[in-house]
Amino acid sequence: MSVQLVERRGYLGGRASSYLHPGVGEVIDNCQHVLFGCCTNLIGFYQRIGVADRIHWTSEMTMIEPGGRCSQLGPSWLPAPLHGVPKLMSAHAFTLADKIALARAFSALMRSVPHGSTESLGTWLRRNGQTKGALDRFWRLVIASALNADLDSIALPYAAKVIRELFMNSAQAGSMGMSTVPLSELYAGAAEFLAQHDSRVLLNANVDAVEWDASAQKWTLVTRAGKVTSDCLVLALPFEAMGKLLPHMPSVPGADALAQQVRSHEHWPICSVHLWFDRDITSLDHAVLLDREIHWMYNKSRLQPWRKLKSSYVELVISASRTFAELTREQAIAQSVSELAEFFPEVGSAKLEKAALVKEVRATFGVPPGIDAARPTAVSPWPNCFLAGDWTATGWPSTMESAARSGHLAAEALSESMGAPRSFLNADLKPRGLMRLLTPKQRK
Ligand SMILES: Cc1cc2nc3c(=O)[nH]c(=O)nc-3n(C[C@H](O)[C@H](O)[C@H](O)COP(=O)(O)OP(=O)(O)OC[C@H]3O[C@@H](n4cnc5c(N)ncnc54)[C@H](O)[C@@H]3O)c2cc1C
């Protein structure tokens, strides 16, 4: 089967991409993207397109308080789900009361939460006696920023899933991966893979309309680079692009219901601040920054040593903050540098050589209670047409893993419609240790 990939932009990667920033003259990611060991479909995709060796893996997470005191989270020799307990218990970032509150919450979330639960994470945390320290330094910082929304806007089953996958199922599931090359370079592997498989990529080809010829059983995409015909169509668009295209698709029963689903989604922003200093400001690769507006620090000079910079390059990520997203460039950079100095005193004596701010206002879709009803399956209302994209019904929040899963689910729906059903979805990682006894059987 030959595939034609039609892309609006001049490069691949979508919301996970990099580009030459004209203001600083450096290739930067639109934002640091992290994956985890539990992202089996994304990792499978990286293996298929030959870029899996470009991911740097780590199991350690350093939390830093203003003033510089560090706490280390990570696995130990204990079996899952206890593997993270020793380091959590010795973390200075949490008081004894915080640790007890966290341990109680973790054990309550150990079993899966009913998928139909309509409770928000915020309500559940209030019911489950979480302390201020646990709320501010763990739930808001680690979980709400992983799901990129406020605690009250997160459906409990999604939070429970993140807790189980990242902290309980196994040390491998929770290990964190970061690309050692710019994101677009990572995804360029997909173009090479397609070229080797009798397929092609059409760039700068925004799809403006889609037509169905029932007698020829063919789809035609009207794009800015000309018309493209095909037997089958997979629409792998973000929800707002799907919403824009819907009025330019054939009218069929079910299209209005899909439009209604699209309208139910909401965006959350992520900002990243890229800073180049004349010297190293830390020997850490990455860190979680507590109690301030800046949340995550990625030391790009260390994660991407091929850059061979004379200066040091760090990227700060600010998740789910609509107030930060409203700051001007100057305000955002000044606030970031001043907060960064509270964690790394070397910032005070270092010279800031250049800086860039990237605001992604439409970074991710939210996962509030009830959102699953607005996530369509891969089967669309149109013949030989399938839906993909992170916002479709994958069971995962807005992540690269959700996008990879959606592609695999669309391929399964397509092959089934052709009368040759095949399985493409990769199995989840098996829980280890005691978690094996607590987890329901999986699909494969
Ligand atoms: C700032 C930021 C930080 C993030 N951090 C993380 C992270 O740490 N970890 C993680 O897993 N995920 C993260 N995400 C989310 C992740 O990027 C997305 O979940 C994932 O990229 C979604 O992939 P997708 O293929 O579903 O959609 P997209 O990546 O949005 O791809 C859709 C593609 O469709 C194209 N398109 C749109 N309209 C048209 C049209 N009419 N015609 C032709 N082409 C069109 C777009 O140009 C785009 O290339 C982050 C996202 C952002 C923005």
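Reader: What is the order of the strands in the open sheet of 3 strands?

Author: The order is S4-S8-S5, and the pairing is antiparallel. The model is a predicted one.

Reader: Why is one side of S4 and of S5 left without a neighbour in the sheet?

Author: S4 and S5 stand at the edges and have a single partner strand each, so on one side each lacks a neighbour in the sheet. From one strand to the next, the twist averages 30°.

Reader: How do you know that S5 and S8 pair?

Author: Two strands pair if there are at least two bridges between them. S5 and S8 (residues 176–179) have 4 bridges, so they count as paired, and the sense is antiparallel. Opposite His-56 stands Met-178 in S8.

Reader: What holds paired strands of a sheet to each other?

Author: Strands of a sheet pair through backbone hydrogen bonds, and the pairing is either parallel or antiparallel.

Reader: What is the strand order in the open sheet of 7 strands?

Author: That order is S7-S6-S15-S16-S17-S14-S18, with mixed pairing. Strand S7 (70–73) and S18 are its edge strands, since each pairs on one side only. Neighbouring strands of this sheet are turned against each other by 25° on average, direction ignored.

Reader: How do you know that S6 and S15 pair, and in which direction do they run?

Author: The cut-off is at least two bridges. Strand S6 (residues 61–64) and strand S15 (residues 286–289) are joined by 2 bridges, so they meet it, and they run parallel. Ile-64 has Leu-289 in S15 as its bridge partner.

Reader: How many bridges join S6 to S7?

Author: There are 4 bridges, and the two strands run antiparallel. By the cut-off of at least two, S6 and S7 are therefore paired. Met-63 has Ser-71 in S7 as its bridge partner. The two strands form a hairpin with 5 residues between them, and Gly-67 in the turn has a positive phi of about 105°.

Reader: Why does His-295 count as buried?

Author: A residue is buried if 20 or more other C-beta atoms lie within 10 Å of its own. His-295 has 23 C-beta neighbours inside 10 Å, so it counts as buried. His-295 sits in the loop between S15 and strand S16 (296–299). Apart from its neighbours within four places in sequence, His-295 is in contact with residues including Leu-141, Val-288 and Ile-318.

Reader: Is Asp-291 buried, exposed or partly exposed, and what makes it so?

Author: Buried needs 20 or more such atoms and exposed needs 12 or fewer. Asp-291 has 16 other C-beta atoms within 10 Å, so it is partly exposed. Asp-291 also lies in the loop between S15 and S16. Its phi is positive, about 65°, although Asp-291 is not a glycine.

Reader: Why does Asp-198 count as exposed?

Author: The limit for exposed is 12 or fewer. Asp-198 has 9 C-beta neighbours inside 10 Å, so it falls under that heading. Asp-198 is in the loop between helix H8 (183–196) and strand S9 (200–202). Although Asp-198 is not a glycine, it has a positive phi of about 55°.

Reader: Which residues of helix H1 are buried?

Author: In H1 (residues 40–48), Asn-41, Leu-42, Ile-43, Phe-45 and Tyr-46 are buried. Their cover includes S4, strand S5 (55–58) and H15. After H1 comes Gly-50, with a positive phi near 75°.

Reader: What is the omega of the peptide bond from Ala-80 to Pro-81?

Author: Omega is near 5°, and the bond is cis. Pro-81 lies in the loop between S7 and helix H2 (85–89).

Reader: How many residues surround the ligand?

Author: The number is 31, and the closest are Arg-8, Gly-14, Cys-31, Thr-399 and Ala-403. Strand S4 (34–36), helix H9 (239–245), strand S18 (352–365) and helix H15 (400–417) are the elements that give two or more residues to this shell. H15 has the largest share, 4 residues. By class, the shell has 15 nonpolar, 9 polar and 7 charged residues.

Reader: Which domains does the domain assignment give?

Author: The assignment gives domain 1 (94–174) and domain 2 (267–365). Their centres, taken over C-alpha atoms, are separated by 26 Å. In domain 1, 9 residues are in contact with 10 residues of domain 2. The side of domain 1 that touches domain 2 has 4 nonpolar, 2 polar and 3 charged residues.

Note on methods. Residues numbered from 1 in each chain as written. Predicted model: local features only at pLDDT ≥ 70, side-chain atom pairs only at ≥ 80, totals over all residues. Near = placed C-beta within 6 Å. Nonpolar A, V, L, I, M, F, W, Y, C, P; charged D, E, K, R; others polar. Axes fitted to C-alpha atoms, helices over the stretch in contact; angles between N-to-C directions. Domains from an automatic or database assignment. Contact = placed C-beta atoms within 7 Å.
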